[in-house]
Amino acid sequence: LEDITERRRAELHLRRLNRALRTLSECNQALVRSPDESNLLQSICRTLVEQGGYPLAWIGFAGQDAAKTVLPAAHAGAGGDYLNRMTVTWGDDPLGQGPVGRTIRTGEPVVVRRIEADPDFSPWFEVAREHGFGSIAALPLFNGDQVAGSLAVYAREPEVFDKEEMALLGELADDVSYGLRALHTSAERDRIRGHLGQALLQ
């Protein structure tokens, strides 16, 4: 019985990794195809849900208001109601101690493998439980050397997001950061060209 249980656990683990690999490949295709930031972010979240099987994925950026609010920019899955009912900050306050806030503040990935066992997650525990979430991973998104925001991925099962899965999600977050920089550079180049064109016409 123990051998069967261990084999089953190994099969589930391998299935999750294969699914994460397929998701990474699909997301990289979205990076190539997306014409703008909004389309890119939504495509990444949608692929994580539809291809990766995660119940919720969302991307939030670090607001520069006094409360240091994290501002959702895109989501897919069971996200609308969940995000509307929670407030997340990246400040050093109770609403900034969740995985997203800590990731933005530190620039390091943060995993909550069992949400009911993490006291720092208590402000959001009830709404997360209602949606059936068991664990969460948050990964930083960079703009140069600065943390611009976070990619948050949710699972229904506790005790997931192991080292291998986090490595794949970390690679995805790095690719998203690169894609955002490329889009911003392209947009800035187009803006400058537009100004030069107007100046030449005057």
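Residues are numbered from 1 along each chain as its sequence is written, and side-chain values use heavy atoms, with hydrogens and water left out. Because the model is predicted, local features need pLDDT of at least 70 and side-chain atom pairs count only at pLDDT 80 or more, whereas totals for chains, interfaces and linings use all residues.

## Cavities

A cavity is a set of points, on a 1 Å grid over the protein atoms alone, where a 1.4 Å probe fits but cannot get out; its lining residues have an atom within 4 Å of a point. Grid points are joined across faces, edges and corners, and a volume is the space filled by probe spheres set on the points. The structure contains 2 cavities of 30 Å³ or more.

Ala20, Thr23, Leu24, Leu48, Tyr54, Leu168, Leu169 and Leu172 form its lining, of which 7 are nonpolar, 1 is polar and none is charged. At least two lining residues come from each of α1 (2-33) and α6 (163-201); helices (H or I, at least four residues) and strands (E, at least two) are DSSP runs, numbered from the N terminus.

## Aromatic contacts

Rings of Phe, Tyr and Trp (its six-membered ring) pair if their centres lie within 6.5 Å; planes under 30 degrees apart count as stacked, over 60 as edge-to-face and the rest as tilted. The structure holds 5 aromatic pairs. One of them is stacked: Tyr54 and Phe161 lie 6.0 Å apart, centre to centre, with 10° between the planes. Tyr54 belongs to the loop between α2 (37-50) and β1 (56-62), and Phe161 to the loop between β5 (146-155) and α6, so that this pair links parts of the chain 107 residues apart. Both Tyr54 and Phe161 are buried (under 20% relative accessible area; exposed is over 50%, and partly exposed in between, with a 1.4 Å probe and protein chains only).

Tyr82 and Phe133 form an edge-to-face pair, at 5.2 Å centre to centre and 85° between the planes. Tyr82 is in helix α3 (residues 80-84) and Phe133 in the loop between α5 (125-130) and β4 (135-143), 51 residues apart. Tyr82 is buried at 0% relative accessible area, and Phe133 is buried at 5%. Ring pairs join Tyr82, Phe133 and Tyr154 into a cluster.

## Salt bridges

The structure contains 6 salt bridges (a side-chain nitrogen of Lys or Arg within 4 Å of a carboxyl oxygen of Asp or Glu). Three are listed below.

| Salt bridge | N to O distance |
|---|---|
| Asp81 and Arg85 | 3.4 Å |
| Arg85 and Glu130 | 2.9 Å |
| Glu126 and Arg129 | 2.5 Å |

Asp81, Arg85 and Glu130 are linked in a network. Asp81 is partly exposed at 42% relative accessibility, as are Arg85 at 43% and Glu130 at 49%. Glu126 and Arg129 are 3 residues apart in helix α5 and therefore separated by about one helical turn.

Notes: 1 Å grid on protein atoms, 1.4 Å probe; cavity = no way out; pocket = protein on both sides within 12 Å on 5 of 7 lines; lining within 4 Å. Nonpolar A, V, L, I, M, F, W, Y, C, P; charged D, E, K, R; others polar.
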